[in-house]
Amino acid sequence: MKNCSLLKLSLVLLPLLVGCSTTKEVNNTSEAYNIANQTILTKDYRILLTKYKCPLKDYSADDVKAIQAAFEKRSPGNLSIAFGVLSLLGGDLMSGGIDIVGGTTANIASSRHRASNPTWFAAIPKKQAKNGLDATNQVRKTIQNEAINLLEEYGVELEKVVIKPERKAVFGGEISREVAYKVKNSDVVYGFHFNEIYLSNERVEMVEGRTNFIADKEQFVLGPETQFYGLNIFNKEFFIKNKIAPFDEKDGYDVFMNKLTSRLPQGYFYYSSPSESANFIPAIYKNGKKHLFLSKGIAL
């Protein structure tokens, strides 16, 4: 039965993921969209009887004006400051801002499509992993290791700790342990929280597909239900409290993500959705650069 379920899912995904390497870049679209266009982020897909229509697109001039108007309404006279300042997007501005902006931002954020939430993406050679679950675990570990190495270069040394040990469930069975990373010689838990049940949970596995990001024709890529848990890697409060420059500055997140993605293999990138973006505009961080989903000729 398990194999039949996997087969059904593969058949649903096959037309969407196989052959993505032939997707051509469109001259009037952004670099961010051209990158995403090789992935499920820009594709309609179906899981069982539910169809998920892609809401992701480049923002138009009208979309940007709507965002500017929302910022101006919530922060009169401080529009130039509001853009790009994460600290201003707390409280009611972040929770209500998307509804006020409306348009493309609201369409993406309210969708149940993969593009509505931030996610890591990776394309790795199929021969590199035993199966899709092994591929997911390899990608998660690669990103985690590079993030930890990057933090160490800025004086933040981490060590793995058990937050909750493996234990018996009330009605039988085992509950997997939960781990995280804390700052060495302190009680400060930095992040990377991870429930080890996902080490063996096939629902989070990568799927077979094809991109131009790497040369191998047979690849594992992001699927509709692929999840890379345990990658809460940017601790803004910690950086500010401990004055860890340059990550404590207003563009610290961008700096961190650019540095991290510059260290990752060619097939990796991070997609930032409108719901977590400082200006509600989705972006991709890849190879040390940030690319916004903005139509050609439009600037903030």
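Is Asp62 exposed or buried? I looked up Asp62 first. At 58% relative accessibility, Asp62 counts as exposed, because exposed means over 50% relative accessible area, buried under 20% and partly exposed in between, with a 1.4 Å probe and protein chains only.

**Ground rules**

I noted that this is a predicted model, in which local features need pLDDT of at least 70, side-chain atom pairs count only at pLDDT 80 or more, and totals for chains, interfaces and linings use all residues. Residues are numbered from 1 along each chain as its sequence is written, and side-chain values use heavy atoms, with hydrogens and water left out.

**Entry: the whole chain**

I found nine helices and 14 strands in the chain. These are DSSP runs, numbered from the N terminus: helices are H or I with at least four residues, strands are E with at least two. Of the 300 residues, 47% count as buried. I then looked at contacts, meaning heavy atoms within 4.5 Å. Among contacts with a separation of 6 or more, 63% come from residues 24 or more positions apart. The accessible surface of the chain is about 15,400 Å². Carbon and sulfur atoms hold 51% of that surface. Such areas come from the Shrake-Rupley method with a 1.4 Å probe; for residues, only the protein chains shown count as cover.

I went back to Asp62. Asp62 belongs to helix 3, residues 61-74.

Next I took Arg46, in strand 1 (residues 45-47). Arg46 counts as partly exposed, at 37% relative accessibility. Arg46 and Pro224 are 178 residues apart in sequence. Their C-alpha atoms are 8.6 Å apart in space.

Leu48 sits in the loop between strand 1 and strand 2 (50-52). I noted its phi near 55°, a positive value in a residue other than glycine. Leu48 is exposed, at 69% relative accessibility.

In what order do the three strands of the open sheet stand? I read the order as 4-11-10, with antiparallel pairing. The edges are strand 4 (124-125) and strand 10 (207-209), each pairing on one side only. Two strands pair if DSSP finds at least two bridges between them. Strand 10 and strand 11 (residues 219-221) have three bridges, in the antiparallel sense. Val207 has Val221 in strand 11 as its bridge partner.

**Entry: the hairpin**

I moved on to strand 13 (residues 283-286) and strand 14 (residues 289-292). They pair in the antiparallel sense over four bridges. Tyr285 stands opposite Lys290 in strand 14. Two residues lie between the strands of this hairpin. Asn287 is in that loop between strand 13 and strand 14. Its phi is near 50°, a positive value in a residue other than glycine. Asn287 is partly exposed, with a relative accessible area of 36%.

**Entry: helix 9**

Which parts of the chain cover the buried residues of helix 9? I first checked the helix itself. Helix 9 (residues 252-263) has 12 residues and reaches 17 Å from its first C-alpha to its last. That is close to the 16 Å expected at 1.5 Å a residue; the expected span is 1.5 Å times one less than the number of residues. Its buried residues include Tyr253, Phe256, Met257 and Leu260. The cover includes strand 3 (119-122), helix 7 (132-153), helix 8 (236-241), strand 12 (268-272), strand 13 and strand 14.

The loop between helix 8 and helix 9 holds Pro246. The peptide bond from Ala245 to Pro246 is cis, with omega near 0°.

**Entry: rings**

Last, I checked a charge over a ring, which needs NZ of Lys or CZ of Arg within 6 Å of the ring centre and within 35 degrees of the ring normal. Arg140 lies over the face of Phe194, at 4.1 Å from the ring centre.
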